[in-house]
Amino acid sequence: MNSLNFQSHRTQLVLTALTATLATAGLFSLYSTYSRLEKRRNLDRDVKRSIEEHDVLEQKAIDKAHKTVPPIGSSLLDGSTSDPQSEELIREQLARNYAFFGVEGMQKIRSGNVVIVGCGGVGSWAAVMLVRSGVSNIRLVDFDYVTLSSLNRHATAGLADVGTPKVKCIERTLKQISRWVDIDARLDIWRKEEGGKLLKGADWVIDAIDNITTKVDLLKYCHENDIKVFSSMGAGAKCDPTRIQISDISYTIYDPLARSVRRRLRLQGVSSGIPVVYSTEVPGDVKLLPLPEEEFKKGNVNELGVFDDFRVRILPVLGPLPSIFGLHIATYILCELAGKPISNPLPIKNRRKLYERMLRDLLVREKKFRGQLINKLEIDEDDVAMIFEDLHRGRSVIPPHAVPSRPVLVRWDPKLPLTAENCIVMEHNDAEKHAKECLGISLSSDTDKGASGIVRRPADFWGKEVAMVVERRTKEVAEYREWIM
């Protein structure tokens, strides 16, 4: 009996303990749930209070701005800082730039004077971002008017601006962005005869001119007179933004306009010292839009232009590309003005060593083939870069068109002169076979005896597939030459 009572009592104690444990756990769970809900309520109240306070502060700032900023057309637009609040508002508008460049850097930027020659797709975007970033003195130089075709790339032009001067269109927008900016809009064209008339006082000149003759004249003038100038190369007929680079004019590769400008400058004694923005993308199958036949019947096509030597046909342009060129220019000049220049801005520059080596190898091969001393080949490093990178895409002409571990340039047809059309890319071992079987020379020999013996036609030795690839590349070179000319 006592045993049963003991068991019963023990069971009751276990049940009581279990009940107490469950009750405690329930209380903890309830407290935890209540705590989470209370925290959520507090958070909601904090967020609402923060939003309300932000709205109040924002409204006060708006009211303050309305009271302190005069309307467009007032004296502040002429550079006046008589209003004690104006500098405060300027600093607030440029707060992010001050955070990046610091007070000293921004003082240099704000006192900078930039002249933009050419106010189309590239120049307009450069102007907008320079002013948004604090440059307070801008001179705009362009003789052209806004057309409907300008609207796919111009930074400020709208339908209402069609038929109006580009410089006036940009001027109006810039004054809406920064009320303190001093804008000198010149409906004019830069002429080398008048020299520095339009460049007076410039810390930087931006060359965004389409015409190559005027472009070269401007660059040469600035270089000779120690005026800092940044030039835009060809943004037309391009679509790959990843190929856009900043470099010295002497390092440019692939860009037909850059190549023509570089060579003309070299003839006039200017080989380097001019930063440019350009694209390493070779133009594809897009062409200048043809003129209607009736226009040719009217006489000299050049007379259709506003000025001699300026193009009269529409150049195909994908709108974002000129804007990216303009933004590159603005960024570079801002950093230069602030004393924080961009260092070594051309990552592709190191490829030059590869092109130099390929050109030297080709020179050795040609000396053996011709059997005579050669100091200079008919092609240069730029041609080597174009052949290797853009024609052959850095791959061997031999199937499966792998990337060569040691790429080599070699003459394709021994009966044709050495030109970009008659050069192919091969792996080193394949090039030795080609030299022996198709050119009749041995690369392992130290003597330069010239081609000898019976050689095989390249198309017969390598097959029809390789011959077709070479033929396609030849056509691409012809298209490339059209752009250069």
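Visitor: At what angle do α10 and helix α11 (residues 381–391) pack, and how far apart are their axes?
Guide: In this predicted model, α10 and α11 pack at an angle of about 100° and their axes lie 9 Å apart, where axes are lines fitted to C-alpha atoms, for helices over the stretch in contact, and angles run from 0 to 180 degrees between N-to-C directions. That makes α10 roughly perpendicular to α11 (65 to 115 degrees; under 35 is roughly parallel, over 145 roughly antiparallel, the rest oblique).

Visitor: Which residues of α10 and α11 make the contact?
Guide: From α10 they include Arg351, Leu354, Tyr355 and Met358, and from α11 they include Glu381, Val384, Ala385 and Phe388, with contact meaning heavy atoms within 4.5 Å. By class, the contact of α10 with α11 has seven nonpolar, no polar and six charged residues.

Visitor: Before going on, what should I know about the model?
Guide: It is predicted, so local features need pLDDT of at least 70 and side-chain atom pairs count only at pLDDT 80 or more, while totals for chains, interfaces and linings use all residues. Residues are numbered from 1 along each chain as its sequence is written, and side-chain values use heavy atoms, with hydrogens and water left out.

Visitor: OK, how many helices and strands does the chain have?
Guide: The secondary structure comes to 14 helices and nine strands, which are DSSP runs numbered from the N terminus (helices H or I, at least four residues; strands E, at least two). Of the 485 residues in the chain, 43% are buried, that is, under 20% relative accessible area, with exposed over 50% and partly exposed in between (1.4 Å probe, protein chains only).

Visitor: Which residues are buried in helix α12 (residues 428–439)?
Guide: They are His428, Asp430, Ala431, His434, Ala435, Cys438 and Leu439. Seen down the axis of α12, these buried residues fall within an arc of 150°, so they line one face of the helix, the arc being that of the directions from the helix axis to the C-beta atoms.

Visitor: And what is exposed on the other side of α12?
Guide: Asn429 and Lys436 are exposed there, whereas the buried residues of α12 have a cover that includes α10 (351–370), β8 (407–411), β9 (423–427) and α13 (458–462). After α12 comes Gly440, with a positive phi near 75°.

Visitor: Switching topic, at what angle do α6 and α7 pack?
Guide: Helix α6 (residues 212–224) and helix α7 (residues 256–267) pack at about 50°, with their axes 10 Å apart, and α6 and α7 are therefore oblique to each other.

Key:
Ala, Val, Leu, Ile, Met, Phe, Trp, Tyr, Cys and Pro count as nonpolar, Asp, Glu, Lys and Arg as charged, and the others, Gly among them, as polar.
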